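The sequence and model come first, then what I looked up.

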Amino acid sequence: NFWAYIMKIKRRNFNKLLTSTILASSFSFRSYAENYAGPVNWAGVSFLLPFNEIEKLMPITKVASEFKSDIDKASYFNSYLNKSLKEDPVKNFNLKLEGFAENATLAFTYGFTAEFDFGTFKDNEEKGTAYLMYFFGHSLLYNVYDRVIVSSVPIRGISGRLIPFEEEKKYPNMKAEILKRFFYNSKTPKRTLLEQFRKMIKKQSFKKKEWEGKKFRVQVSYEGENDNSFNNFEMTKNNFLNFIGQSASFAFSYKLESPILPFMMNASLTNTTISRFDFATKLYNKIDVKLPQPDFDIKIFHHGWEFAEEDTEQKNIKDVILGMGVEIEIYDTFEEKVLYNQYYFAEQRYRENNNKIQRSDAAKVCELTEALLERAFMSIKDKSYRNKIINGDQLISPQRKTIFQIDTEKPKEVDKQSDNVLKQLPKVNEF
């Protein structure tokens, strides 16, 4: 069959682009110390999942990532990533955007890792539907000969939109359409995943053929009194733990300006799968890459949450108080000792209708958890903010009042532990 043969050739050519492993077994690439100045093959958009799990775990992202581009024959997000990297190249980085370089030791991809859909809310007064979705990914550099990750930084996007009822009727999959616009759009280019990608790769190393500096990885566990909190929570316990892991990885990398290994629900995994959709063949191609052993485990213990309600002077409105606690431990896997261990708590007070139609408990808990994690890691790096959160960091707006605080009576110990963590981070000029 002629067309089957052509498709086979196309898949073979793509696999060469993705892995660039021609004659790999004939060479030994063990000289990692010197800086790498050779070409880096661009593998485009991918998923850090086996292709047979993508539709189940990331249905919105899968559909949106396969939308056809309006400027060339590639997928929409790939096209605009390529356009951005071509028009505004990353400095000190020899990225091969078209074709592939057979002598490249490194390859580079934008890999989606997770999506979280917090549902919709019909706002009849505004005549529209509100959507809230979180999307996570990683900018991933890997050695194509040893097939091991060399550098990785997480990318996060939050899409909260009110879509008019009339506009919703135009699209069979409004959520995928929203994500497509969030990938890139000319109206708000600075509030897109493409822009987030551009910001985060500045924190990434492209100089070496192996990971430069110490390697950090997030682990998570739920330490609430029982699992009953997940009854009517609109989110399973595993999905919640995955959200914490993805959010903690992003918060650590973003606030401490450090690369971090991709979060894996199964901490014992030693490799991950990169799956990429080939728009020409409509098929997914994959490559397995190894995860380096972490030097430090960032252990996140979520101690659960509690909602409380109080009556107000308005008959149909209640005050809602949400409280939670999170413990963060950073563990040296080589020395087998704890480098950092502190307990943080957060409380948020806001108002809502008695019928709760505007509240997603899962969304509220996840939003506050993420905000607490970002402030926790910021307190490690920024001493002035550390002093502020030790005394209680209060945020007050007309809609809500929130407080974040470290539960400690030993501020000097917090300083000492924070300094110990900072000493282990790679210096800025190393990545």
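How much space lies in the largest cavity? I found about 50 Å³. I worked on a predicted model, where local features need pLDDT of at least 70, side-chain atom pairs count only at pLDDT 80 or more, and totals for chains, interfaces and linings use all residues. Residues are numbered from 1 along each chain as its sequence is written, and side-chain values use heavy atoms, with hydrogens and water left out.

**Entry: cavity**

I used a 1 Å grid over the protein atoms alone, on which a cavity is a set of points where a 1.4 Å probe fits but cannot get out, and a pocket is an open set with protein on both sides within 12 Å along at least five of seven lines. Lining residues have an atom within 4 Å of a point. Points are joined across faces, edges and corners, and a volume is the space filled by probe spheres set on them. I counted one cavity of 30 Å³ or more. The largest cavity is lined by Val-45, Phe-47, Ser-65, Ser-75, Asn-78, Arg-276, Phe-277 and Tyr-284. Strand 1 (40-47) and strand 7 each give two or more residues to this lining. Helices (H or I, at least four residues) and strands (E, at least two) are DSSP runs, numbered from the N terminus.

**Entry: second largest pocket**

I noted a volume of about 740 Å³ for the second largest pocket. Its lining has 30 residues, with Leu-49, Leu-57, Thr-113, Asn-242 and Met-265 nearest the centre. Strand 3 gives the largest share of that lining, six residues.

**Entry: Lys-208**

I found Lys-208 in the loop between helix 7 (193-200) and strand 6 (216-222). Lys-208 is buried (under 20% relative accessible area; exposed is over 50%, partly exposed in between, with a 1.4 Å probe and protein chains only). Lys-208 has no salt bridge (a side-chain nitrogen of Lys or Arg within 4 Å of a carboxyl oxygen of Asp or Glu). The nearest side chain of opposite charge, Glu-212, is 4.7 Å away. I did find a side-chain pair at 2.8 Å, a polar contact between Lys-208 and Asn-35 (N or O atoms within 3.5 Å, one able to donate a hydrogen and the other to accept it; residues adjacent in sequence count only if both atoms are side-chain atoms).

**Entry: positive phi**

Lys-127, not a glycine, has a positive phi near 55°. Lys-127 is exposed, at 61% relative accessible area. Glu-234 has a positive phi near 65° and is exposed at 59%.

Methods: Lys and Arg count as positive and Asp and Glu as negative; His and the chain ends are not counted.
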